[in-house]
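Welcome! Have a look at the structure below, and then we can walk through some of its parts together.

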Amino acid sequence: MAVLPVLVYPDSRLKKVSAPVDLEDESLAGLIEDLLETMNSSPGCIGIAAPQCDIHKRLIVVDVSRNPNMKQKHGLMILINPELLSQSGKNTAREGCLSLPHLTANVTRAKRISVKATNREGSEVIIDASGFEARAILHEMDHLDGILFLDRVSSLKTDVFRRKRYLTGTEDSDQGGQAGS
Amino acid sequence: MAVNVVLTGVGHDRVGIVAELSKILYELGCNLLDSSMTLLRSEFAVILMAQIPDGKSIDDLKERLAAAEERLGMSVFVRELSEEELDEEDEDAEAFIVSVYGADRPGIVAGITAELARLGVNLTDVETRKTPGDRPIFMMVLEVTLPPGLSGDNLKSELQTVAAELQVDLSVNSVEVADL
């Protein structure tokens with residue numbers, strides 16, 4: 001178990017596309033533990049993707065319940081090889097990212113999503129998520145394809161902000177607060 | 001006939017610049033057309049179009065602005081606009097957002113915009129920002145319109161080549177308009 005160092009942009013490794021996880025891989029359980037420990041070590045962090053820790057595998061962890069101001073229903077999710085099955089609606093809210101520590105941004109994403117993934121026990125799960133939970137999953141899934149929130153903003157003036165406070169987990173709570181990584 | 005003018009100015013930011021500038025225009029009987037005003041760090045910039053009423057001249061406006069220049073803390077430039085210059089840009093052209101970001105270094109804007117100029121792409125909005133810290137990130141978001149014959153995919157692949165040379169990351173997204 002270890003808190004892994006998090007890559008910070010402009011580290012080009014954040015732009016790599018991650019490879020599918022081999023479910024037989026014996027290091028997987030340890031990797032999941034490390035990711036959880038890394039997420040839990042950052043106050044306000046509600047999700048992290050393996051490639052942010054320089055492990056270029058399709059694995060994300062999300063736990064919106066870490067922020068008491070956000071509505072959620074799934075608690076801790078460990079999603080291996082997640083695939084987006086469907087999405088609907090649109091909603092814009094403020095996101096932060098451990099890999100872009102000086103910035104936050106208004107990002108438009110789907111309101112409701114359905115995602116297929118393998119869970120920690122190796123079973124296939126279908127997750128129907130909405131609101132901030134959907135946003136957190138989509139944000140982390142973007143990392144698996146080397147996409148950062150700066151790829152999804154349309155104006156620096158109205159969408160991108162210098163971060164004034166760091167990961168307190170309560171900033172802009174009316175808009176849903178800070179997203180995970 | 002009424003005279004149309006464009007007015008530009010930059011000055012150190014403080015409370016009341018817009019109020020004082022617009023008061024001068026209002027008292028002369030000018031009608032404001034379009035304007036864009038924004039703050040960059042400590043500097044406030046104005047670009048504004050206005051119509052001067054019959055019986056008043058561009059010199060009347062310049063005179064009043066000159067009298068207020070010191071108080072405004074802003075050097076203001078005024079130029080007359082022809083009818084053609086008042087026309088809107090072609091609104092039918094397809095608009096795209098080009099987002100560029102990377103480790104800060106000189107040449108990112110020059111490199112990307114040189115390629116856009118070569119492709120005949122028109123820039124309609126440009127914003128850049130540099131983050132603080134030891135390893136600053138430079139970001140640029142452009143709103144562009146494409147010339148006939150150039151697709152969004154073409155634009156993306158041409159720009160990706162330049163972005164790779166400049167060691168920056170780049171994305172191209174169409175501006176989605178929901179017709180309701």
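## Where the chains meet

The contact between the chains draws on 16 residues from chain B and 14 residues from chain A. On the chain B side, strand 5 (95–103), strand 6 (122–130), strand 7 (137–145) and strand 8 (169–174) each supply at least two residues. Strand 5 of chain B gives the largest share of that side, with five residues. Sorted by class, the chain B residues that touch chain A are seven nonpolar, five polar and four charged.

## A pair of helices in chain B

Now turn to helix 1 (residues 17–27) and helix 2 (residues 58–72) of chain B, whose axes come within 11 Å and cross at roughly 170°. Because of that angle, helix 1 of chain B is roughly antiparallel to helix 2 of chain B. The crossing of these two helices is right-handed.

Which residues make the contact between helix 1 and helix 2 of chain B? Helix 1 of chain B brings Ile17(B), Glu20(B), Leu21(B) and Ile24(B), while helix 2 of chain B brings Arg64(B), Leu65(B), Ala68(B), Arg71(B) and Leu72(B). Six residues of this helix contact are nonpolar and three are charged, with no polar ones.

## A sheet in chain A

Chain A has an open sheet of three strands, in the order 4-5-8, with antiparallel pairing. Strand 4 (91–96) and strand 8 (160–162) of chain A are the edge strands, each pairing on one side only. On average, neighbouring strands of this sheet are turned by 25° against each other, direction ignored.

Six bridges link strand 4 of chain A with strand 5 (residues 103–109) of chain A. Among the residues involved, Gly96(A) has Thr104(A) of strand 5 as its bridge partner.

## How confident is the model?

For chain A, the mean pLDDT is 90, and 90% of its residues reach 70 or more. Residues 167–179 of chain A are a stretch where pLDDT stays under 50, and the model has 39 contacts for them beyond four places in sequence. Where pLDDT is low, the predicted coordinates should not be read in detail.

Methods: Residues are numbered from 1 along each chain as its sequence is written. Chains are lettered from A and ligands numbered from 1 in the order in which they are written. This is a predicted model: local features need pLDDT of at least 70, side-chain atom pairs count only at pLDDT 80 or more; totals for chains, interfaces and linings use all residues. pLDDT is the predictor's confidence in each residue, from 0 to 100. Two residues are in contact if their C-beta atoms, placed from the backbone, lie within 7 Å. Helices (H or I, at least four residues) and strands (E, at least two) are DSSP runs, numbered from the N terminus. Ala, Val, Leu, Ile, Met, Phe, Trp, Tyr, Cys and Pro count as nonpolar, Asp, Glu, Lys and Arg as charged, and the others, Gly among them, as polar. Axes are lines fitted to C-alpha atoms, for helices over the stretch in contact, and angles run from 0 to 180 degrees between N-to-C directions. Angles under 35 degrees count as roughly parallel, over 145 as roughly antiparallel, 65 to 115 as roughly perpendicular and the rest as oblique. A crossing is left-handed if the near helix is turned anticlockwise from the far one by less than a right angle, and right-handed if clockwise. Two strands pair if DSSP finds at least two bridges between them.
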